[in-house]
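I opened this entry to keep a record of what I looked up in the model, residue by residue and then for the chain as a whole.

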Amino acid sequence: MTGSEIREKFLQFFEQKEHQRLPSASLIPENDPSILWTAAGMVPFKPFFTGAAKPVYKRATTCQKCLRTPDIEEVGKTARHHTFFEMLGNFSFGDYFKEEAISWAWEFVTEHLGMPADKLWISIYLNDDEAFEIWHKQVGIPEDRIVRMGKEDNFWEIGVGPCGPCSELYIDLGEERGCGSDDCAPGCDCDRFLEIWNLVFIQYFKDEQGEYSPLTNKGIDTGMGLERVASVLQKVPTNFDTDLLREIMDHTAGLIGVKYGAGPQADMALKVIADHTRAITFAISDGALPSNEGRGYVVRRLLRRAVRFGRLLGKEEPFLFDVATAVIRQMQDAYPELLKSKDNVTRIVQTEEKRFGETLVQGSEILNKLVNEAKRAGKDTIDGNDVFKLYDTYGFPVELTREIADEQGLKIDEDAFKAYLEEQRQRARNARQETEYLSQKDALFSAIRDDIGETSFVGYRSLSAQSKVLCIVKGDERVESAGAGEEVFVILDTTPCYAESGGQVADKGKIYAPGLEVEIKEVLRPVEGLNVHLCSIFNGTLNINESVQVEVEANRRKNIARNHSATHLLHKALKEVLGDHANQAGSLVEPDRLRFDFTHFSALSQEEIVQIEKIVNQAIMADLPVETFETSMDEAKSLGAAALFGEKYGDRVRVIKMGEFSIELCGGTHLNSTSQIGMFKLQSEGSVGSGIRRIEAITGEGALRYAESREQQLTGIAAILKTTPSELVSRVGMLVKEHRELERELESLRARLAKFEVESLLNNSVDVEGVKVLAEQANAGDMDSLRAMVDLLRDKMGSGVIVLGTSSDQHKVSLVAGVSKDLTGKGLHAGKIIKEIASVVGGGGGGRPDMAQAGGKDPSRLQEALDKVSAVVKQQLG
């Protein structure tokens, strides 16, 4: 049975059990900053289990693409470790529970996958007698094949929130795969008992004090690793030998010119390359691009690790982008989004591969310097800190460092390197936020929503509302009232204030009542259906159940709407000018500016910037009507609506349509027509990561102020240059031409002056054991001028040593040394001379035997350095 057949069989099985079949969510968790990656099938359903959102369906089934990196170093070494994998799952949100979950799991693995019942073992939580009874009495599993395990293995919880015991299905792969121990059983570290399915029974809520209370609505969260199940059914020793990965490995082997199975080194490399390429292909397709932080750092690290394993097999030129095409070909039927992003993915991978090649060159130069320093110091080992810095800062593989050091007769301090590496990993572990269901504050607001119900947002149609105070929160506690000078969270039954979402900042406003004035500083939506206002009480006392008037700061909202509507026009313009690959990768919409990140591979040309700006302004002047309506997701897609980055969509979606120019899904606030934007001005464009560009722009009043400021500047500059703004370009062009002519004249005069100075300096040479030596300060503006003077003096002198020095400011010294060809054969070396004297002025340098230069930091000792030249020459001659 192929991996694709297993995937489809699982989803169809649960569809027949009345589960809603849903597509895989993105690897980038939606509206969840607590985690970097979707690392399990339950992650997209986290709000349903926590109560932060209401599920559209009571039952669901998915095949979820997942990415995990804690065990990255184990990939390729073991049979099962991966960074990217697929997790099959079935979920219940307050519907069925243990009996159905257990019986269906058994039915699927035995009747539909054909696994032998006598080879299947079960693990349960220590005191989960309910699960034991179902497995033993209803399913018929012998008692000796049901293993009770402790909390560490069989109880699922992470932080505050829902949790519960687990039950796992294991298959016995045979004694030959085991460790030989008499007590070998499920949970053993050997390969005999393979866990294939984990059933999580979400039946408790863990609070901040660590207390557990039963949940009214219990849930089911299961996860079955597709690669593991495929290895069992295809009767292969590792996940990598399944059709899910083997085809990718064989393609890679053909590119590199090796054969899988030829040896352990090549096999491990092929496994790492296949696994990591799957991970980066899916991650980039979902919008995570290589960078130096967050998700981008993970993508870059995986990509470079894969490239490095290719180089260990002798593949020097870029090849990973070709492996990515094999991944897409293998997975496109199950994940059609891969085919749509194929060109984007392969281009980014190839660009990153080339950059890593440049990094390796830079790292090699640094390593060569470390090798030379170690040899000069008489050491046989390169410091572990230096090895770690090469690895961490420059991405230089430690294996390559070890190999080069070995070629030079050196070792690397392995223990120190490992200590630095472990220290970094510990920092990462401490900083990494695991899949927390709910923060303490979010748990509080979830409980409040369950108590008071959902609140109403009327801000799409009105900027003011009569409202009632439902709840006041001070710190982490609900209070009855709040007085002047206090800062509190306020929940109203109705609000016109927009909560920060999808890149658009929150509204600000006021709450009024007789004798009461409250400033709304921020609006949040910590859980679905609950708008929370962060407020400062100016005057009076705010009380529970009080009737109040709420007003949005109207001009600020209008400016935000201008910028938000402009981002939709900009997105469309970018696609028209650059191509369909220019997709939104992030945005920020504020009252005074907009920021728009998008996928593209190079800086925009001036012509492209002008064209984009022109298209947006033409759409503004066209006075296109801005229509807003709700519809189903399927209907919105049929209309051609594009989803915007960072938005969360349910079964019903909000569509923003601007004439026939733009149509997108969006929950933000917008104008009634594009002409209300006024004007669009693109202020800057630059890179924020590999394959990601950023545009910053202004609209409306901000654009008008910008235009007025520029006009004033032009008028002022024109006045200084005694011309008019319309003649400014030609006037500046003429001045630039005059300036170049004057510079040429100045250079000519400097050259003539240098000749006079050279004649004067020649008279100051001294004889050192039969060699003419000239060491003087010179009037030279820069290093180039100083070198030119040394060349002139050497030509005039014929045979000799010349060292000239100059100081251009209080902290910089320049030195140049020249030795005539006849003297280099007698042991005189300009590079060694310059190095000796540069140390006097706090600098360093070097060069060829006949010409060398150096810099220094202490001009006050320049003459002292020059006075040392004769002694250095004498020493070299001696």
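I began with Lys575, which I found in helix α17 (residues 554–578); helices here are DSSP runs of H or I with at least four residues, strands are runs of E with at least two, and both are numbered from the N terminus. Lys575 counts as partly exposed because its relative accessibility is 21%, where buried means under 20% relative accessible area, exposed over 50% and partly exposed in between, with a 1.4 Å probe and protein chains only. Leaving out residues up to four places away in sequence, I listed Asp580, Ala582 and Asn583 as the residues that Lys575 touches, a contact being heavy atoms within 4.5 Å. I also looked up Lys575 against Ile612, which is 37 residues away in sequence, and noted 9.4 Å from C-alpha to C-alpha.

Before going further I noted that this is a predicted model, in which local features need pLDDT of at least 70 and side-chain atom pairs count only at pLDDT 80 or more, while totals for chains, interfaces and linings use all residues. Residues are numbered from 1 along each chain as its sequence is written, and side-chain values use heavy atoms, with hydrogens and water left out.

Next I turned to a helix pair, α8 (residues 264–285) and α10 (residues 320–331), whose axes come within 9 Å and cross at roughly 75°. The axes are lines fitted to C-alpha atoms, for helices over the stretch in contact, and the angles run from 0 to 180 degrees between N-to-C directions. On the α8 side the contact is made by Ile273, Thr277, Arg278, Ile280, Thr281 and Phe282, and on the α10 side by Leu320, Val323, Ala324, Val327, Ile328 and Met331.

I then checked Thr252, which lies in helix α7. Is Thr252 buried or exposed? Thr252 counts as buried, because its relative accessibility is 0%. Beyond its neighbours within four places in sequence, Thr252 is in contact with Leu270, Ile273, Phe319 and Val323.

My next search was for backbone angles, given that most residues other than glycine have a negative phi. Lys235, not a glycine, has a positive phi of about 55°; Lys235 is in the loop between α6 (226–233) and α7 (243–256), and at 74% relative accessibility Lys235 counts as exposed. Glu769 also has a positive phi, near 50°, and its place is in the loop between β31 (766–768) and β32 (771–777); at 52% relative accessibility Glu769 counts as exposed.

I looked up Gln209 as well, in the loop between β8 (193–206) and β9 (212–225), where at 62% relative accessibility Gln209 counts as exposed. Gln209 and Cys535 are 326 residues apart along the chain, and their C-alpha atoms are separated by 29 Å.

Last, I noted values for the whole chain, which has 26 helices and 36 strands and a C-alpha trace spanning about 110 × 80 × 50 Å along its principal axes. Of its 878 residues, 51% are buried. Among contacts between residues at least 6 apart in sequence, 68% join residues at least 24 apart.
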